[in-house]
Amino acid sequence: MENTINLSLLDGVLSEYAEVKGSLITILQHTQEIYGYLPKEAIELISEKTGIATSEIMGVGTFYTQFRFEPVGKYLIMLCQGTACHVNSSELILQTIRDELGIDDGQTTEDGLFSLKCVACLGCCSLSPVMMVNEDTYGSLTPDKTKKILKELREAAQ
Amino acid sequence: MIHLTINGKQITAPEGATILEAAKQNDIYIPTLCYDEAVEVYGACGLCVVEAEGIPKLLRSCSAKVSEGMVINTESERVVQSRKVAMELLMSAHDGDCVAPCQLNCPAHTDCQGYVGLIANGEYESALKLIKNKIPLPASIGRVCPHPCEKACRRKNVEEPINIAQLKAFAADMDLKANSYLPDIMVRTGKKVAIIGGGPAGLTAAYYLNIMGHSVTVYDMMDKMGGMLRYGIPQYRLPKEVLDQEIALIEKSGVKLVNNVKLGKDFTINSLKENNDAVIVAVGAWQSSSMRTPGEDLEGVYGGIDFLRAVINGNAPVIGDKVVICGGGNTAMDACRTAVRLGAKEVYVVYRRTRNEMPADKLEIDEAEEEGVIYKFLTNPISFNGENGKVTSITLQVMELGEPDASGRRSPVPVEGKTEEIAVDSVILAIGQKLVQGDVSELALNNRGNIEADPDFFTTNIDGVFAIGDATNRGASIAIEAIGEADRCAKAVDAYLNGQPLDTRVPYISKRDEKAIDYSDREIKSRLTPKVLPPDVRNKNFDEVSLGFTEEEAKAEASRCLECGCREYYKCKLLGVAQLYDINPERFQGEMPQKYTRDENAFIERNTAKCILCGLCVRSCREVMDVHAIGLMGRGFKTDVSPAFSLPLDQTNCTNCGLCVSLCPTGALTEKSSLQKQVPLNEDYTEEFVEIDGKRASVLVSRYNGKVLRVIPNDELSRSMQLSREELIEKLT
Amino acid sequence: MKIVIGQGSCGIAAGAEKVRKALLNTNLNAGDISITGCIGMCYLEPIVDIYDDDNNLTRLVKVSENDAEAIANFVSSGDQSAIESLIVTDEDSEFLSKQTRIALRNCGIINPDEIGAYINADGYTALKKALGMSPENVIEIIKTSGLAGRGGAGFPTWFKWNAARQSEGEEKYLICNADEGDPGAFMDRAVIESDPHNLIEGMLIGAYAIGAKHAVVYVRAEYPLAIKRLKNAIAQATEAGIIGNNIFGTDFSCDFMIKAGAGAFVCGEETALIESLEGHRGMPRLKPPFPAQSGFWRKPSNINNVETFANVAWIINNGGEAFAAMGTEGSKGTKVFAVTGKVKRSGLVEIPMGKTLRDVIFDIGGGMKTDKPFKAVQMGGPSGGCIPADLIDTVIDYKALGATGAIMGSGGMVVMDESTCMVGMAKFFLDFTAKESCGKCIHCRIGTKRMLEMLERITKGEGKEGDIELLEELCYSVKDGALCGLGQTAPNPVLTTIKYFRDEYEAHINDKKCPAGECSDLIEYKIIADKCRGCTLCARNCPVNAISGTVKNPHTIDTSKCIKCGKCYSVCKFGAVVKE
C-alpha cells in the first residue's frame, strides 16, 4: 500500500502554503484530505519543502486528534462522546458497533470497510446519541438503528 | 531597581527580572525542574510557584516578573502543599529504580550494583573502595554473609540472582593480594572514642570514626579481634588468615586495638566514659540459648557457639561417633559440618520444620548433606536422656506442619503420641545466642533482655554511651546487620561529638513495581559459583571449602547484573527535590505513562519511562542546537519524547552534542560512560578545556577514581564540532 | 411565497436536506425554496417554515421527505388537512416566543449563504456607524453595555479591547475563538452556521476598536458546515468591500482569515489557541505576557468568543444602555444556552441574564422528557459543575452560578434525571479532560489521570475509605497548580458532585451500590416472575446466554454469567427486567 503514494498530489498544497508561516496544520489537513491519512513519505516531503523538522511535524500531528497515520476504512465512523450523548447512553451504541464490526476505537475492520473513532462532541446534542459516517450525521441512535445503518452501508459498498 | 520582600528579606532586583532570578541572586532557593537559562521559559513543572501578597493565584516564579513593593513567600503552607502534590504526582508516573533492590535490601546499604558493575569492567580497585565505604571487612563478610542482597536481586526473575557475596569476596581478595587499600583519614579532631567489643560491629564503628578523624580504641576480652567472625565461624568457611589481614588493615588505618581486657573486670563503661568523649558498647551475644528441655545440663550437651569456639581455640571436646545438632540456622550448619570434620560418624540435624523452612543458607544445607550430614526434619527434642550424668540418647517428638501463622509460615505441631529415640554420644544446641547480661549491668535493658538503644541514634540510658549489634534491641542477628548499624552509629557519634544535629530521615527512593517488569527479552545466563573442594576431601579437614572466583569467572558473573539502579542517581535533580517535601506518591499510584524501554546510540541512552516531560531536551535541541532530533509526541498523560516516527536516535540527525543529557533533570537521558558495563557512580564533573581547530572549547569531564568516564561538550564550539567521545578524550589527554 | 428549510447541522442530521430535495422534486417553484440556519428547536427538526405572500408563517416540524407532496399541495391549495399533524403546537411555539434573541436574532430567519439577506436585516449598519466614531468611543459603548466574555470566564470585553488598543505596536490581531469544545455546547456553531455575517460585523467593529488590521477565526475542524458558510460569507463581504482595504471608504482596513482547528479542546484556551494558529502543538503559554501584549506572532492580540462578537453589532446599533438594561447588577444582556439531555424540548435558548435555571429548564425547556424526576443540571462542561435540583431557582448571573461551584460557562446546559449517576458524571468529565490535557504541566497531565483512576475505582466498587478526601485534596491542588484554565477548572465537576451528591459517592464506596443504577459493576439485573410473560425476547438477545426459561414461563438470569450489558432490560416490553 505504502509504495503507491503519489507525492505529486501535494504539489498544489505545498506551493500554496509551504512559504506561509504558521501553515503546518493547514498543510496537514489538506494532506489528510488527499490520502485519507498522513503518510510518512508525505511528512518527509512537507518537512523538506517547509523546513520544519519531521520531529516537529509529528509532534503536531500526534497532538491533534484529527490526524491519522494509518489508512482508514471506506467508512469512517465518528462516534460522538459528548455529554448529551453520554447521558443518552452512547455507551450502548459503542458496544453495538464493537459487537457488529469487531473493532474498537481507533481500529479498522479487516475488510477495510469500517474504521471507528470516538470523537469529541459533534455539537448535535439535541439528536444524541449521534455518529457521523464520513460526511453524514446520524442522530437519535438506538442499538437497532445503528445495526441497520451499518448493514445498509455494507450493502451499499458491495 | 525594584524593591521587594522575599520571605521577610528585603531585596532589590533589576526591572524585568523574574521572581526566580531575583531569589537566586539573593541565595533564596526555589525548586524548579523545567527551567534553565539556556532555553526559553516553559512553566511546565509548577514547582517554582510562590505566593505573593494580594495576588489570589500562585505565581510561577520562572515567568512572573518582580514589581515594586511585592511581598513574596516562597515557602508558605499553600506553596509547600502545591509542590508536595506536584512531586507526588510526578513520582507516581516516574517508572524507575533510583537504587537497585540489592542495595536497598542490604542492611548496610552496600552499593552492590556499583561494585558488581566495576568488577564486570575489571575495575577491582574501585570496586573494593566502593565496598569499603560500607564494609571494612569485605573478604570476611563476602565469605560468611547470608546475602540479603541476593534475595532481592531481580535477576532471580530471569533465572538466578547474581552471586553478589562471592563477588565481594573476590574483589576483597584481590585487594589483600596486592597493595591493600587504606582509606584517607580526615584531620584529627582530638576527640576520643572507646569501643567495647572487637566484632564486626565494633570494628566497623572504629574504622569509620577513625576515618572521620577521631581517635578510636577497641577493647576486647578475647585474645584476638574479630568477635563472632573469629570465634563463631569455622575455619573452613572463613580462614582466620583472611580475617587477620583485614583486621590488620583496620589497625594500620589508625585504630588502636586492645585485647584480653574484659568489661566489668578490667574496666567499666563509666570508667571508659571518663577518659573518652564517647563510648560504644558492641559486646555481642555470647551465651548459647537454652531449649528449656529436660537433660540440657547433662555432660555431652554443648551450646552451639560454645562448641564452635572451643574447636577454633584448639580445645575441641570429645564428641564421639554419634552427634545430634538441634536447630536449622547457620550456626547449626557450622556445628554439624565441624562435627563431621572432627570425625563423627553419624551427624544428625534435628529440625522441627522441613528443609524449605530452614533459615540456614541453601548452599550450606546442600554442602553439609554432601559431607554426610543426615537431616531429621519435623522432629523436636523433648528430652535428653543420660546415664551417669552423661547424655546417651535423645527423645524426639514427631511433628507435622499445621496452619500458616501470621507470618505465613506453617508452624509445626506435634503428632500426638508419636516419638522417636536416637542414641547419641553428644548433642549440640544451635538454637540461638544471647547477651551476657551481667557484663552490661550499667545499661538499661529492654524486655527481651537486650540493651535498649535508640534505633536511629543508638543512644543508651547513659549520655555519651552508644550501643550496637547483637547485644542490643532485638538481639543477635547477622554480621552485615551489625555492620550497617555500626556505620550509622559512627555518623551518630560523629554528630554527637561535633555537637551537630543528625538527619535520620529515610530518603525518598523511587522503586519500580517488580511484578510489572518484563524480563522476557533477557538472555538466560546461569549463575556462576566458585569451585569448591570435593566433599570427600573437605569433610576431613578445615581447609576453606570455596576456592573463590577466578578473574574470568568473576567478570562473567558480574556481567549478568541487570543494572536496576539508575545511573543518574548521584546527580538526579528530581530526586533532590523529592527529598524536600514529605512525599508519599503511593497514594496516587496508578498506570505508568510509558513502557520501560531503551533507545540508545553510541553515546546517549533514552528511557522515556523515567521522563518527567520538563521538555528541556526537546527545547534545547530545538532552541539552542537547531537540530530538532527529538520532539514531543502525542499529548496528555501519554505525551512522549521521541524522534519522528519513533525512529531510534541513530537514525536521526542527532549530533551527540550531549546538551539534552546535561539538562535532563533525571535519568531519562544518560550519556554512556567509557566503561563496558554501565555503572551508577558518584562521579566528579569538572569543566575543562580542549583545543579544537586552534580554539579553546569547554567540555565537562567526569572522573571516577581518576579514570575519565565521560567527556561532554559544554559550549557552542565543542557541541558543533561533532567529535566522537573517543576523539574528545584523546584531546583531553 | 417562501418556503424555508432549517439547515443547521442538527437539521441536516435529522434529514432536512432530504426534505429540501424532495420539495424540489414537487411542482413547487424552486426559486421559492430556500434555507435558513438553525431555528433552535432542535428537538423538532427537520423544520419547514412556509411564509405566504403576506409573510404569515406556517411552521411545520418533524417533517420527512414523504411529506413533500402534502406540503406542495398545501402551498398551492391552502389545504391544511394533510399537514395538520406537522404544524407546530402552541406549546412548542412558546419555546421560541419566551426567548429574547440578540446574538441569535437572525438565526433561523435569514439565509446564511446570502449577504443580501443579512443586509436586509440591517446588517453592516453598525459597522458603518462604528467607523464614524473614534475607536475609544466604540470601546466606551461596549463598556456601557457591560458585555462580558461569553466563552466562559466572563471577563469584561471592553477591558480586553482597551488593553489591546493601549498595547504598543503597528501590527495587531483580532481573533475569534470558535473552538467550541465543551461537550454539550453548540451555540457558537449555530451562530456561524446561521448568521455568519453577524460574526464578521462584530469582529470588524472589534478590529477597528483595538486597531487591528487582521482578523482571524479559529474554528474547530468538527464544524465543516460552519467553516463552509463562514468562508462563503467572507468571500461575499470581501466582494462587497466590507472586508479588505478602506472599508466603507474609511482609512480602516482589515483582512480575514479562517484557521481550522484539528481536534484539541485545550485550544479553547487563548494562548494554546495562538500556538495552534501558529501551526504548533496547542500547548498553553505562560501568562504573563498576556496576549494583549504578546499574542499571535508575538504581536498584541485580542481574543473573544463567537457569541461575544455576535452581540456587538446589536449593541452599536441599539446603544450600550439598551443592552445593559437587561440582566442583573453584575451580568448584563442575554445569554445563549444549548439545552440538552433529559429535557423535553432541547435546543438553543437565549434569555436575559437574571432569569432562573427553572425558567430555562421547565418554562422554556418543558421539564423532563422521562417520568423520572429532575436531578441536576450540568453547566460549563468539563470546566463547570453540576447544580442540584434544590438550587433550580439559582439566577443566571456570573456570580450566582459561580457560588454554586459551577460556572456560567459558554452555555452548555445538560439536564439530568434520577437515572444519571453523579460519580459516573464526574468520571465522564475527567475522562474528557484527561484525554484533552495537553500534557504540559504536571498537575493537569498526571492529576486529571489520577483523579480519573480514582473515580474509575469507585464506580467499579473498589473505592475505599478516605478516597473522597484524597480526591478533594487532589482537586484543590490541581486547581491551584495547573498552568492554564483547562487544568485549573478540571476538578470542578468532581468538586461539585462531591459537594451536592456526597451520599452517592459514599454509597459507591461503603455499600458498593450505585443509587442511580448506572454503574454496571454495582448493579444486578433480575427478572420479576410476575411480570415476565415468557416471550423469550430477553433470552434471545442475551449475548452470553445468561437467561434461561421456556416459552410462556417466567425466565431467570444467571447472575454469575451476566455481563450487565443491559440488553434484556432494554428489550423487555413488559418491564419485567429490573436492575438493583
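**Figure 1. Confidence of the predicted model in chain C and overall.** For the model, ipTM is 0.91 and pTM is 0.91. This is a predicted model, in which local features need pLDDT of at least 70, side-chain atom pairs count only at pLDDT 80 or more, and totals for chains, interfaces and linings use all residues. Residues are numbered from 1 along each chain as its sequence is written, while chains are lettered from A and ligands numbered from 1 in the order in which they are written.

**Figure 2. Strand β6 of chain C and its pairing strands.** Helices (H or I, at least four residues) and strands (E, at least two) are DSSP runs, numbered from the N terminus. Of the six residues in β6(C), residues 214-219, five are buried (20 or more other C-beta atoms within 10 Å of the residue's own, with C-beta atoms placed from the backbone; exposed means 12 or fewer, and partly exposed in between), and the strand is thus described as mostly covered. Strand β5 (residues 173-178) of chain C pairs with β6(C) in the parallel sense over six bridges; pairing requires that DSSP find at least two bridges between two strands. Here, Ala178(C) stands opposite Val219(C) of β6(C). Strand β7 (residues 255-260) of chain C also pairs with β6(C) in the parallel sense, over six bridges, and Tyr218(C) stands opposite Lys259(C) of β7(C).

**Figure 3. The β-α-β unit of chain C.** β6(C), helix α11 (residues 224-239) of chain C and β7(C) form a right-handed unit. Right-handed denotes a path from the first strand over the helix to the second that runs clockwise with the strands pointing away from the viewer.

**Figure 4. The contact of chain C with chain A.** Chain C contributes 41 residues and chain A 33 residues, two residues being in contact if their C-beta atoms, placed from the backbone, lie within 7 Å. On the side of chain C that touches chain A, α1 (9-14), α12 (270-277), β9 (334-341) and β13 (412-417) each supply at least two residues. The largest share, five residues, is from α1(C). This side of chain C comprises 20 nonpolar, 16 polar and five charged residues; Ala, Val, Leu, Ile, Met, Phe, Trp, Tyr, Cys and Pro count as nonpolar, Asp, Glu, Lys and Arg as charged, and the others, Gly among them, as polar.

Note on methods
pLDDT is the predictor's confidence in each residue, from 0 to 100.
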